[in-house]
Amino acid sequence: MIRHGDNTSESWKNLPWKQFRRNLFRLQKRVYKAIQVGDKQKAKSLQKLVLKSTAARLLAIRQVTQLNAGKKTAGIDGKIALSFEQRFELSEKLRAESNNWKHQELREVPIPKKDGKTRILKIPTIADRAYQCLVKYALEPAHEATFHARSYGFRTGRSAHDAQKILFNNLNSNANGKDKRVIELDIEKCFDRINHTAIMDRLIAPNSIRQGIFRCLKAGVNPEFPEQGTPQGGVVSPILANIALNGIESIHKSKDAYGRVKEPSIRYADDMVIILRPEEDATEILDKISRFLAERGMKVSEKKTKLTAATDGFDFLGWNFKVQKNGKFRCTPSVDNYKAFRKKLKSIVNNSNHGATTKAEKLAPVVRGWRNYHRFCKMDGTKLCLYHAQKRAFKVFNKETKQNRQTSKQLLEKAFPTVPYSENKHINVKGGKSPYDGDLSYWSERNSKLYDDNTSKALKRQNHKCGHCGLKTLNDEKVHLHHVDGKHNNWKLKNLLAIHESCHDFIHMSKS
């Protein structure tokens, strides 16, 4: 039981978070290794310990109330935030009821899609999200030991850039990419149609967790399809979808020029591309995939699934991939991705409610994020280097600063931060490695390379450790760049510390 005094804010801040992270990771590593050696009973016993763990419980509450992007999104109970007192109360509720958790109903939020239709986001309450996060801590290491190496979506230690590099490896001139074709696979209403039995049959978990997951699935069902669907919006939903779809990557096997068997399929959540050699039969492969999906309550979308020549180009994960007629592989931001990005820029630049300084502050993270995502693409040319967008922003800044060109130039530099790009230079995660394998040096060094120049350099100086708590910076939590003196215009090396997002929150909470 957590003891805390009257000042629950101080009690919460002063909890031993560093030790909590160590305790949880130690348990997760043991779960992962138990599944690796085939000892499911031991893994399930360890998962029960995760469910009972004070460290896991409090970290789960912190994750959903402080760190997650949707931390201020209300569920059906209308709560958008918890006070420190309520967080401790939730911890006690999880301690007492985690073995028999009862899910509340979900709040439905319609989200418009590109094709004009809507999808329904189903939002659990904060308490249910904390429970799901706690369960995810137990489930993830077990299933990470079983997931296919070519599955990259919503998995710790893997990213869209890994999928991007695999496509380069399979379609560049050395791989005779210009002769290949690609199946752009679309699964019809994937998250809405996944069969609950398909998930439960494959779930590695003790009965208490299985019961909680089953109730989670039933809380978000469509009355028309009571045995299908995972609620999009839940913390645990992505891992459940990965559990159901795991193995689809192995359906198509191919031999390279040296006779080695390969599986040239790349999956990111429910998005997938399958690379075919000239002699391979697309219809036969799609038939196998259809049978695989049918067993799980899903089917291939005939309308959206396409067979495309690599030389014609195709879109995947916000990029356009194309093999030129000379065999050269090219990856650029897709047209839809670029249009959506430009729309964001315009809405900020043309907003009459904000001055030039505020606009520059709002533009910077949008531009940096877009450039970082596309930093392994071909990004030259006036369009992709954002020449026209910068020209337009400068005109607006210049007008709002009353023709002060020097100030406008400074704001422009702030609004459009540069990010170095190196075409096709991403280094893929090694084979079946997992952050739960205990190789902290590999994962912390790899994580350091995922950040922009200043943050990456700071992490390297700090031996890939958080500058506040001293723990290795793994990708279970974002890294922030902290200005020691509080002055965000002081970019001297000694003033920059790379620290965990939660450590950054703690520093600023302590100062307030």
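The exercises that follow concern aromatic pairs and charges over rings in this predicted model.

**Exercise 1.** Classify the pair formed by tryptophan 101 and tyrosine 131, and determine which parts of the chain the pair ties together.

Solution. The structure holds 13 aromatic pairs, and in the one formed by tryptophan 101 and tyrosine 131 the rings lie 5.2 Å centre to centre with 5° between the planes. Planes under 30 degrees apart count as stacked, and the pair is therefore stacked. Tryptophan 101 lies in the loop between α5 (84–97) and β1 (107–112), whereas tyrosine 131 belongs to helix α6 (residues 126–144), so the pair ties together parts that are 30 residues apart in sequence. Tryptophan 101 is buried, with a relative accessible area of 2%, and for tyrosine 131, also buried, the value is 2%.

**Exercise 2.** Classify the pair of tryptophan 319 and phenylalanine 321, and state whether each residue is buried or exposed.

Solution. The ring centres of tryptophan 319 and phenylalanine 321 are 6.1 Å apart and their planes stand at 75°, so the pair is edge-to-face. Tryptophan 319 is buried at a relative accessible area of 0%, and phenylalanine 321 is buried at 1%. Both residues belong to a cluster linked by ring pairs, which also includes Phe168, Phe314, Phe329 and Tyr373.

**Exercise 3.** Which charged residues lie over the rings of tryptophan 17 and tyrosine 338?

Solution. Over the ring of tryptophan 17 sits the charged end of arginine 62, 4.6 Å from the ring centre. For tyrosine 338, the residue over the face is lysine 383, at 4.7 Å from the ring centre.

How values were computed
Residues numbered from 1 in each chain as written. Predicted model: local features only at pLDDT ≥ 70, side-chain atom pairs only at ≥ 80, totals over all residues. Heavy atoms only, no water. Phe/Tyr/Trp six-rings, centres within 6.5 Å; stacked < 30°, edge-to-face > 60°. Helix = DSSP H or I, 4+ residues; strand = E, 2+ residues; numbered from the N terminus. Buried < 20%, exposed > 50% of the residue type's maximum accessible area, 1.4 Å probe, protein only. Lys NZ or Arg CZ within 6 Å of the ring centre and 35° of its normal.
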